[in-house]
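User: I would like to learn how to read a pocket and its ligand. Can you take me through one?

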Amino acid sequence: PVAQTAPPGAASGDVAARAAVGFHAGYGEPPAGRWAAPGRANLIGEHTDYNDGFVLPFALTLRTVVAAAPQPGERWTVRSELSAEAVEFGADEVDEPGRVTGWAAYVAGVVWALREAGYDVPGARLAIASDVPVGSGLSSSAAIEAAVLAALVDLGGLDLPAEKQPRLAQRAENAYVGAPTGIMDQSAAIRCREGHALFLDCRTEAVEHIPFDLDAAGLAVLVIDSRAPHRHADGEYASRRAACERAASLLGVPALRDVPVADLDAALARLDDDEIRRRVRHVVTEDQRVLDTVDLLRAGRVREIGPLLTASHASMRDDFEITVPEIDTAVEAALAAGALGARMTGGGFGGCVLALVDADHADTVARAVTHAYADRNFPTPTHVTVLPAPGATRLA
Ligand code: ADP
Ligand code: MG
C-alpha cells in the first residue's frame, strides 16, 4: 500500500456512503439508487483528439457518485458536497442553455441534452459526492455528467445504450455549459473497463478495450497533481488548435491524422515555419506513440511503454510547448527516482503528471517529486496511485 495524500477538495470517508448521507440529509429520505462515474487520466495521446487522431485514456479509481430518486413533474433538485446550496430548476430553465449557471449547469446540461434528443427525462432529486479533484485535469466534469446521465437513464428507463452516451454528455458540456471539449473525457467516464485502457479513434469514435494490467506486471501508476496554476490555458489551447488546422490545410489533408509518420520528413519539408513544423511533428509522432503503446499493451509488455510515455512528454515540452516548470520538474524528478516513464497528462499548462512505477517503488518516486518541489519553492504536490477502473455504473 502506498501512502496517499487526499486529492484537493475531497472530503473523507467512502464517496458512495457520502452521496447517500448527503441525499438523506438534504431530502429527508433515502435515495432510490446510486450511480458512479470515474475521473480519467490519458495514458498517452495528447492534443491528438482534435486532429482526428488517437487517444488512450483509462478510468481512475477516483470517482463521482450521484444518489438519486425520482420526484414528480419536470423538476430537478441537485446538491453537491462542494456547495452549501441546493439548486432547483424546471423544464423552462433547462430548455434555455445559459439559464442554469455554475456547477449545476453540468447537471442541467445533461437534462437538456437528453430532452433535446427527444427523451422523456424523469424529474429527480440528486445528491453528488466526489473524490475526483476539481479542475486538476482528471475530468471531474465528465465524471459528474456521466454519473448524472447514468442515474437519469436508469430512473427513467430510457433507451440510451452506453455507446451513444458520450456524445450526449459532450453536448451537455459544449452547448449547455459552454466548454469546448472533445469526446475523450466522456468516452472514458462512460465506456472504460476495469483493468483496461480505452483506445479511441477520435475520427470514427471506434473504441477498443486494451488490457492494461498493472497488478499482474507489479506496476502502479502514480498521478501527481502539479498544483501549477493554469496559465493562459484557454488562449494557448486555441492557438495550438489553429496551428494544427493551418498545417493540415497547408499540407492538403483533412486533419494531421492523415500525415503518416513515414511521410513526416517530407511533410515538414513543405512547411517553412519552424513553429508550425514542431507542432506537426508533435501530433504525428504522438499518434504513432499511441499506436505503439497499444501494440505493447496488447502483447502484455506493460513495462516497455515507459519510454513512449517519456518521449511523449519531451514532445509536449519541446515541440508542442504546453508544459510548465512545475510539470517538467515532476517528470524529471520521477524519472530520476526510477520511474519507468513519466509524462504530463491532459491539455497542459498545469494539471497532472502520471508516472509508471514499480508498485513497491511508488512511495520513493512520490517523495522524490515532493523534494524536488521543495527545492524550487513550488507548493507541495499531491499524489495518488491509481488502477484502471470501470466506467459509469449503477452501485448495488
Ligand atoms: P476538470 O474536468 O479537469 O476537473 P473542469 O473545469 O472541466 O475541470 O470541470 C470542473 C467543474 O465541474 C467544476 O468547477 C464544477 O462546476 C463541476 N463539477 C465537477 N465535479 C463536481 C462536483 N462533485 N460537484 C459539483 N460540481 C462539480
Ligand atoms: Mg473537464
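User: How many residues line the largest pocket, and which lie nearest its centre?

Analyst: Start with the lining. This is a predicted model. Here 42 residues line the largest pocket. Nearest its centre lie Gly137, Ser141, Glu173, Thr181 and Asp185. The pocket's volume is about 1200 Å³.

User: Which elements each supply at least two residues of that lining?

Analyst: They are β6, α4, α6 (184-191) and α7 (233-251). Next, sort the lining by class. The count is 20 polar, 15 nonpolar and 7 charged residues.

User: Where does ligand 1 sit?

Analyst: Ligand 1 sits in this largest pocket. Two elements give two or more residues to its shell: β6 (124-130) and α4 (140-156). The largest share, 3 residues, comes from α4.

User: How many residues surround ligand 1, and which are the closest?

Analyst: The shell has 15 residues. Ser80, Gly135, Gly137, Ser140 and Ser141 are the closest. By class, 8 are nonpolar and 7 polar, with no charged residues.

User: What lies 2.6 Å from an oxygen atom of ligand 1?

Analyst: Look for polar atom pairs. A polar side-chain atom of Ser140 is at that distance. The side chain of Ser141 places an N or O atom 3.0 Å from a ligand oxygen.

User: How much of the accessible area of ligand 1 does the protein cover?

Analyst: On its own, ligand 1 has 570 Å² of accessible area, and the protein covers 78% of that.

Definitions and conventions:
Residues are numbered from 1 along each chain as its sequence is written. Chains are lettered from A and ligands numbered from 1 in the order in which they are written. This is a predicted model: local features need pLDDT of at least 70, side-chain atom pairs count only at pLDDT 80 or more; totals for chains, interfaces and linings use all residues. Side-chain values use heavy atoms; hydrogens and water are left out. A residue is near a molecule or strand if one of its heavy atoms lies within 4 Å of it. A polar contact is a pair of N or O atoms within 3.5 Å; within protein, one must be able to donate a hydrogen and the other to accept it, and residues adjacent in sequence count only if both atoms are side-chain atoms. Accessible areas come from the Shrake-Rupley method with a 1.4 Å probe; for residues, only the protein chains shown count as cover. On a 1 Å grid over the protein atoms alone, a cavity is a set of points where a 1.4 Å probe fits but cannot get out, and a pocket is an open set with protein on both sides within 12 Å along at least five of seven lines; lining residues have an atom within 4 Å of a point. A molecule sits in a cavity or pocket if more than half of its atoms lie within 2 Å of its grid points. Helices (H or I, at least four residues) and strands (E, at least two) are DSSP runs, numbered from the N terminus. Ala, Val, Leu, Ile, Met, Phe, Trp, Tyr, Cys and Pro count as nonpolar, Asp, Glu, Lys and Arg as charged, and the others, Gly among them, as polar. Grid points are joined across faces, edges and corners, and a volume is the space filled by probe spheres set on the points.
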